[in-house]
Amino acid sequence: MRHGFRQAMALLHSWAGLVPGWLLFAVFLTGSLSYFRPEISQWTRPELPSGAMSDPGRDVRAAQDYLTRTAPDATRWLIEMPLARLPLTGVTLWRERGAGPHYRHDLLDPRQGMPIAARATHGGDFFYYFHFDLHMPWRLGRLIVGFSAMAMLVALLTGLIVHRRLFADFFTFRPGKGPRSWLDAHNACGVLALPYHVMITYSGLVILMSLYLPWGIDLLYGTDRARFFAEAGQNFRPPPAAGVPAGLVDLASLMPEAARRWPGEAVGRIDVYGPGDAAARVVFTVADDARLSHARARLIFDGVGGTLLSEPENGLPGPARLERALYGMHLGRFGGPLLHALFFCSGLLGAAMVGAGLILWTGKRRAAGETHPVAEALNLAVIGGLPIAIAAFFWANRLLPVGLAARADREGLCFFAAWMVAGIHAALHRDAAAWRTQFRCAAGLFLALPVLDGLTTSHGLPVSLPAGDWLFAGFDLAFLAGGGGMAGLSLLSRRNRRRVAK
Amino acid sequence: MTLLAFALTYGGWWALAAGMARHGGPMLGRGAFPAVLAPVLRATGGGLLVLSFFTAAGEYGWDIGPVAWCGLGSVGAVPLVLMLAWRPALAALPVAPLLAIGWWLSGF
Amino acid sequence: MRASGGTRRTTGAGMRSRLGPAVLGGYPLAAAWVMAVPVLWAAIYPDDPFRLADGVLIGSMSAFAVCALAVLWAFAAPTARHAWIGLLGPAFLLALMAGLGAP
């Protein structure tokens, strides 16, 4: 019975891991890049002046002036304050009626209060949205990723049950031994970063739980879903519009109150509900770089008189606090660059675990004389192809003409086109030579990126390194490291083949 | 302080691995693994990991600190696993310099 | 892990019969769970001013563990029939409880 149970769990583990595995690899890799979403957004806009110190009062005034000028008829404004990681003001507006778009997002240069004069790009948002939305219409991508995350959770649980010598094999890695090495790598990457894998998978599901399992909210709140999100501490619910015009308070005049309440912490975002209406509300939210939980402290002001109304989140009950904490941990915006790098490395370990598992699945069957052409082609197309596609995105960002129409979307197109070419190559040749070709191709693309960066911008390594411009220098060094890693993998696959041939 | 916490996790993992029958011999550079040392090494390893937990909490606070500690533990074990596969006897080399630099940087 | 060819073939047939309960049985159970937990929570803590939101959050956050365990059960159950009954039975009872107890 016990033997049968373990065997059933092993069977479940291999299928729950294999079927969504190719997608999970991509989600882990692009999700890891998303820890540096603001930095990527900055790197992809090399025209921006770097190192601009922001002055919160001035930035708020500039944003309010811009929104008053361009969108006085909007029903809601959102001002995202410039941060050290991305020194730009994000302004978003929503309109329910009247002329103009119903939703608009702009990035302002905080000093001029005008939209930035930089190349059109999705920047870090491209990878961020890909990792849970897959750039698919409706909610299709989120549903597919949710199904895969659920399978991942099952694979983690069954993996723990199947992996008998969890502690005995903790540090074990025996390279150059075919499937045995892939099993070691799979186990090591899984066990060493196990807390991360469980946290990231579970919190990812929790973040989108109202999409995956809306039935509890539907049953108890009916159509008034906004009330649930307000009670759960996720959204602020403004009072209905009064319909009487009234001037909006000077937002900058509220900043000293925020500074007094949050000593040492910056204002992260300012929501304005009903600007120009007598019932307007202004919500200040603290920046998200100093705290773990996403239950960020808020200050709610009357939007006309500017009086402080309340701070509701201080009384947030336990379950809502837990949900906000899981949300904050998944996003990983706290703790500074070192912690972001740790999250990034843990995410890479997740991708490595999935990748090694996929290679183990086909490798073990090939050693037993079975070939699975589709699985083998998909392995190469995803593990070899995705790094090529990521490099292609950064290449496209530097090479596409700045004035090109629909430029931002075409960068994304280059990502998918490169991935498709790699996929076709993988479908045609699935042998060890094809793996080496793709790894070498990715290595070449990454290693040449610093050169391209130096030729097309004024931020090349010879400039950025002496100037201490760690953003651009860091990216170039990371590209070199990534290219080196890819080159190492291509060498490794050659050596492995020789050993197997012997 | 982060580097000190990292050095402590790496050292902790090293001691734990050296206390295991499978890795101890090659790591300590002897033919046979001295069974007497194993419990001492394992206790040292556990103690260093606990120390690194408090170091991380001291640096990042009690909410972010444990998360940072988990991340340091995961990422710190990777070079050790690779060293054990490549040159187990050299895995101990980085421990002392890492601890020294970490100690110095944290300004004790 | 190193199952011989023979065992893999027999478990492959078992695999297909469990795929149904795993994929189609786990979700209804989780869906019934997220409806029943808040109803139960509100009955236990009638004075909690946030009882509805608390119940929904607790139910939703734990539902993914319930769903994962349901999939494990689908494969661990002695027969495929046991798997179906063990998933849809509790799902039905939870849904019934939610339907009767909902405000």
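What follows is a chat about the chains, their contacts and a few local spots.

Mentor: One thing before we start. This is a predicted model.

Trainee: Fine. Which chains share the most contacts?

Mentor: Chains A and C do. Two pairs of chains are in contact, and the A and C pair has the most contacts of the two.

Trainee: How many residues of chain C are in contact with chain A?

Mentor: On the chain C side, 29 residues. They meet 32 residues of chain A.

Trainee: Which helices of chain C supply that side?

Mentor: Look at α1 (5–44) and α2 (51–76) of chain C. Each of them supplies at least two residues of the side that touches chain A. α2(C) gives the most, with 17 residues.

Trainee: What about chain C itself? How many helices and strands?

Mentor: Three helices and zero strands. From the N terminus on, the order is α-α-α.

Trainee: And how much of chain C counts as buried?

Mentor: Chain C has 103 residues, and 43% of them count as buried. Now take contacts in chain C between residues at least 6 apart in sequence. Of those, 70% join residues at least 24 apart.

Trainee: Switching to chain B. What is it made of?

Mentor: Chain B has four helices and zero strands. Along the sequence the pattern reads α-α-α-α.

Trainee: How compact is chain B?

Mentor: Its radius of gyration is 14 Å, close to the 13 Å that the globule rule gives for 108 residues, so chain B is as compact as a globular protein of that length. The C-alpha trace of chain B spans about 45 × 25 × 20 Å along its principal axes.

Trainee: How much of chain B is buried?

Mentor: Of its 108 residues, 47% count as buried. For contacts in chain B between residues at least 6 apart in sequence, 70% join residues at least 24 apart.

Trainee: How far apart are the closest C-alpha atoms of chain B and chain C?

Mentor: They lie 20 Å apart. No contact joins chain B and chain C.

Trainee: So what about chain A and chain B? How many residues does the contact take?

Mentor: It takes 21 residues from chain A and 19 residues from chain B. On the chain A side, α7 (179–192), α8 (194–207) and α14 (336–367) each supply at least two residues. α14(A) gives the most, with seven residues.

Trainee: And the residue types on that side of chain A?

Mentor: There are 17 nonpolar, two polar and two charged.

Trainee: Let's go inside chain A. Which domains are assigned?

Mentor: The assignment gives domain 1 (2–46 + 125–138 + 337–501) and domain 2 (56–120 + 234–315). Their centres, taken over C-alpha atoms, are separated by 37 Å.

Trainee: How many residues of those two domains are in contact?

Mentor: Eight residues of domain 1 of chain A are in contact with six residues of domain 2 of chain A. On the domain 1 side, α3 (37–43) and α16 (407–428) of chain A give two or more residues each. α3(A) gives the most there, with four residues.

Trainee: What types are they on the domain 1 side?

Mentor: Three nonpolar, two polar and three charged.

Trainee: Show me a pair of helices in chain A. At what angle do α2(A) and α15(A) cross?

Mentor: Their axes cross at roughly 10° and come within 10 Å. Angles under 35 degrees count as roughly parallel, and α2(A) and α15(A) are therefore roughly parallel to each other.

Trainee: Which residues make the contact?

Mentor: From α2(A), W22(A), F25(A), A26(A) and L29(A). From α15(A), L378(A), V382(A), I383(A) and L386(A). That divides into eight nonpolar, no polar and no charged.

Trainee: Last topic. Where is A287(A)?

Mentor: It is in the loop between β6 (281–286) and β7 (298–302) of chain A.

Trainee: How exposed is A287(A)?

Mentor: A287(A) is partly exposed, with 19 other C-beta atoms within 10 Å. A buried residue needs 20 or more.

Trainee: Which residues is A287(A) in contact with?

Mentor: Leaving aside neighbours within four places in sequence, they are L83(A), E265(A), A266(A), V267(A) and G268(A).

Trainee: And how far is A287(A) from F301(A)?

Mentor: Their C-alpha atoms are separated by 17 Å. Along the chain, A287(A) and F301(A) are 14 residues apart.

Technical notes: Residues numbered from 1 in each chain as written. Chains lettered and ligands numbered in written order. Predicted model: local features only at pLDDT ≥ 70, side-chain atom pairs only at ≥ 80, totals over all residues. Contact = placed C-beta atoms within 7 Å. Rg over C-alpha atoms; globule rule 2.2 N^0.38 Å. Buried ≥ 20, exposed ≤ 12 C-beta atoms within 10 Å, placed from the backbone. Nonpolar A, V, L, I, M, F, W, Y, C, P; charged D, E, K, R; others polar. Domains from an automatic or database assignment. Axes fitted to C-alpha atoms, helices over the stretch in contact; angles between N-to-C directions. Parallel < 35°, antiparallel > 145°, perpendicular 65-115°, else oblique.
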